[in-house]
Amino acid sequence: MVAPGSMNTWKKSPSLQWAYGFIIIFTFGGITGIILANSALDLVLHDTYYVVAHFHYVLRIGAVFALMGRIVHWFPLIVGLSLHYRLAKVQYILIFVGVNLTFFPIHFLGLAGIPRRYSDYPDMFIPWNTLASVGSLVSVVSVVLLLYLIWEAIASHRPILFTKSPRSILDWAHPAPPMAHRYSSTPVKSTSLDKVGA
């Protein structure tokens, strides 16, 4: 049993996991950016795999994690169907492990002076390149699982499984997906507390 106040990631929603992942990935990319901000180190690391890893952590992976978090969060409202909750968490864990296995070793290759855009490298770097290749395969499996999640949600016609509290945002209080031109004016949220005060 988990204490009510504990931060058990498995009990968090998939969209919140994507948000946490974005913060972790973007922070790590920012730290590598601080290293590249040193002009002496930037001269040495320019056009190496280190810059490639930094770029992917900040722009590629960071942007994808933020985008995926929003897609996973708003998918039920837009489509009216729910993603498989546990498989969505497994898919997040796979992509998190995959991208870190892919790009974290590339930092060490860059620190060793391996230039980018080279198709060959010395044999002493085989372990790092193999680890990066395994990470990219894990990422591909995760993308396939994401496509399966979307297909499974559409094929199973699973309604939105979670219920929001009555004090939740207005968007979730209406049928999903929203019907076009349903209201003649903008709806206003009212709660039982509003009626008591009237």
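1. Basis. The model is predicted, with local features needing pLDDT of at least 70 and side-chain atom pairs counted only at pLDDT 80 or more, while totals for chains, interfaces and linings use all residues. Residues are numbered from 1 along each chain as its sequence is written, and side-chain values use heavy atoms, with hydrogens and water left out.

2. Confidence. The average pLDDT (the predictor's confidence in each residue, from 0 to 100) of the protein chain is 81, and 80% of the residues score at least 70. Helices here are DSSP runs (H or I, at least four residues), numbered from the N terminus.

3. Chain ends. The pLDDT is below 50 over residues 1-6, a stretch with 2 contacts (heavy atoms within 4.5 Å) beyond near neighbours in sequence. Over residues 194-198 the pLDDT is also below 50, with 1 such contact in the model.

4. Helices α1 and α3. Helix α1 (residues 14-37) packs with α3 at an angle of about 160 degrees, the axes lying 8 Å apart. Axes are lines fitted to C-alpha atoms, for helices over the stretch in contact, and angles run from 0 to 180 degrees between N-to-C directions. The two helices are therefore roughly antiparallel (angles over 145 degrees). The crossing of α1 and α3 is left-handed, that is, the near helix is turned anticlockwise from the far one by less than a right angle. Residues of this contact comprise 17 nonpolar, 10 polar and 1 charged. Ala, Val, Leu, Ile, Met, Phe, Trp, Tyr, Cys and Pro count as nonpolar, Asp, Glu, Lys and Arg as charged, and the others, Gly among them, as polar.

5. Helices α3 and α4. Here the axes come within 7 Å and cross at roughly 160 degrees, which means that α3 is roughly antiparallel to α4. This crossing of α3 and α4 is left-handed. Residues in the contact include H56, Y57 and F65 of α3 and Y92, F96 and F103 of α4. By class, the contact of α3 with α4 has 15 nonpolar, 5 polar and no charged residues.

6. Helices α4 and α5. The axes of α4 (residues 85-111) and α5 (residues 126-156) cross at roughly 155 degrees and come within 8 Å, so α4 is roughly antiparallel to α5. Their crossing is left-handed. The contact of α4 with α5 has 19 nonpolar, 8 polar and no charged residues.

7. The bend in α3. Helix α3 (residues 49-79) has a kink of about 40 degrees centred on H56, where the bend is the angle between axes fitted to the seven residues ending there and the seven starting there. Just after α3, G80 has a positive phi of about 90 degrees.

Terms used: Angles under 35 degrees count as roughly parallel, over 145 as roughly antiparallel, 65 to 115 as roughly perpendicular and the rest as oblique.
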